[in-house]
Amino acid sequence: PTIGFLSGTIATRISYNMWYGVIDVAQKHDFNVISLLPRDLDSPIGFEAQANALYNLISADRLDGLLVWTSPIINKGGPDGIKRILDPCRSIPIVAIQPGAPEDIPRVVLDSYGSMQAAVAHLIKMHGLRRIAYIRGPDETHQGARERYQAYMDILAEHDLPFDPTLVSPPTKGRWGEDVGEEAVALLCDERQADFDAIVGTNDSFAKGAITALQAREINVPGQVAVVGIDDEDFSSYLTPPL
């Protein structure tokens with residue numbers, strides 16, 4: 001049998017670990033895997049348009065089953081796009097990783113809420129920090145990002161810390177890169193002149209960008225501002241200081 005693994009990338013630690021898990025099980029049970037890494041849905045741009053020929057391989061004629069990591073696919077085509085991709089192969093078994101696929105498709109969901117809750121609680125309980133800023137992700141389209149932001153607000157309330165909207169950056173539009181963290185620090189420090197002693201990033205890239213921007217302003221990390229992220233990306237161990 002042959003299954004497809006549909007993802008937007010295998011270049012990050014979390015995506016590579018997912019891919020490696022699929023390959024590991026495939027080898028143990030002697031079935032084939034086609035790894036599909038298309039680009040933005042309907043993109044007319046050069047290589048992206050060519051790479052999107054991979055979407056044509058997702059069909060019941062070629063695959064006996066499909067695993068789809070929904071988060072990067074939703075970023076590329078939105079909820080309607082993922083439905084459009086999956087509808088032609090609904091006659092084969094499909095399993096989604098993370099929410100976003102149609103509700104009748106089984107899914108494995110990461111604990112975004114619990115992870116963020118633990119991260120913010122650590123800042124409060126272990127380090128006594130009270131003015132905790134937050135860099136939001138694409139909450140409009142990404143359930144995991146919404147859950148992480150909700151966890152941040154809930155843990156503040158649990159410890160009787162007031163929610164301050166001036167310490168929160170606006171949600172992004174499908175962006176997950178370091179530049180989001182840099183822009184958030186510029187907003188907090190330069191525009192709002194906010195007072196904070198910690199920054200929490202929805203992911204590690206946001207946190208990395210925040211560290212870069214803080215250090216550019218000669219703000220010591222973690223001496224003056226503590227920074228945390230979520231996902232345990234490879235680069236996290238090699239930053240100065242390590243994330």
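Me: Which residue forms a salt bridge with Arg131, and how far apart are the closest N and O atoms?

Reply: Side chains of opposite charge can pair when their charged atoms come close. The cut-off is a side-chain nitrogen of Lys or Arg within 4 Å of a carboxyl oxygen of Asp or Glu. In this predicted model, Arg131 pairs with Asp164, with 3.1 Å between the closest N and O atoms. The pair links distant parts of the chain, 33 residues apart. Arg131 sits in the loop between H4 and strand S6 (132-135). Asp164 sits in the loop between helix H5 (143-158) and helix H6 (178-191). Helices (H or I, at least four residues) and strands (E, at least two) are DSSP runs, numbered from the N terminus.

Me: Is Asp164 buried or exposed?

Reply: Buried means under 20% relative accessible area, exposed over 50%, partly exposed in between (1.4 Å probe, protein chains only). Asp164 has 18%, so it is buried. Arg131, at 29%, is partly exposed.

Me: Where do Lys28 and Asp24 lie?

Reply: Both are in helix H1 (residues 13-29), four residues apart, about one turn of the helix. Lys28 is exposed at 63%. Asp24 is partly exposed at 27%.

Me: Which residue forms a salt bridge with Asp139?

Reply: Arg136 does, with the closest N and O atoms 2.7 Å apart. Asp139 is buried at 6%. Arg136 is buried too, at 18%. Elsewhere, shared partners join Lys83, Asp87, Arg90 and Asp104 into one salt-bridge network.

Me: How many salt bridges are there by this rule?

Reply: The count is 13. Residues are numbered from 1 along each chain as its sequence is written. Side-chain values use heavy atoms, without hydrogens and water, and side-chain atom pairs count only at pLDDT 80 or more, local features needing at least 70, while totals for chains, interfaces and linings use all residues.
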